[in-house]
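The exercises below are meant to be worked through with the sequence and the model side by side. Try each task before reading its solution.

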Amino acid sequence: VGQLSNDDNPSDEMSNLPVLVMAGKKVVGKTFSNEFGEFILPDLPRQRLHLCVPLAAEGQQIDLALSRFQETPDPERN
């Protein structure tokens, strides 16, 4: 679960952006952000992952290693 935002320009629309989770060069999860920039990627494998968000308009991408984040238990799944 996450949310995309632009701190420099909060009015920038962050909807319908592709959100990829990569294990090395392999895509292991893919979704799109909603109208609030939010996204959900359930049931990802437990390995070294990174989040990738291509920003076509800027010709750049956001790349964030997920290894420093801890998984929190979902109380509804227990």
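Two residues are in contact when they have heavy atoms within 4.5 Å of each other. Among contacts in the protein chain between residues at least 6 apart in sequence, 36% join residues at least 24 apart. The model is predicted, and local features need pLDDT of at least 70, side-chain atom pairs count only at pLDDT 80 or more, while totals for chains, interfaces and linings use all residues. Residues are numbered from 1 along each chain as its sequence is written, and side-chain values use heavy atoms, with hydrogens and water left out.

**Exercise 1.** Find which residues make up the largest nonpolar core.

*Solution.* Start from burial: a residue is buried under 20% relative accessible area, exposed over 50% and partly exposed in between, with a 1.4 Å probe and protein chains only. Of the 78 residues in the protein chain, 27% are buried. A nonpolar core joins buried Ala, Val, Leu, Ile, Met, Phe, Trp, Tyr and Cys residues through side-chain atoms within 4.5 Å. The largest one has 12 residues, namely L4, M14, L17, V19, V21, A23, F39, L41, L49, L51, V53 and L55. Strand 2 and strand 5 each supply at least two residues of this core.

**Exercise 2.** Is S33 buried or exposed, and what does its side chain reach?

*Solution.* First locate S33, which lies in the loop between strand 3 and strand 4 (38-39). S33 counts as buried because its relative accessibility is 5%. Then follow the side chain of S33, which reaches the backbone oxygen of M14 at 2.6 Å. Not counting residues up to four places away in sequence, S33 touches L4, M14, S15, N16, L17, V19, E38 and F39.

Key. Helices (H or I, at least four residues) and strands (E, at least two) are DSSP runs, numbered from the N terminus. A polar contact is a pair of N or O atoms within 3.5 Å; within protein, one must be able to donate a hydrogen and the other to accept it, and residues adjacent in sequence count only if both atoms are side-chain atoms.
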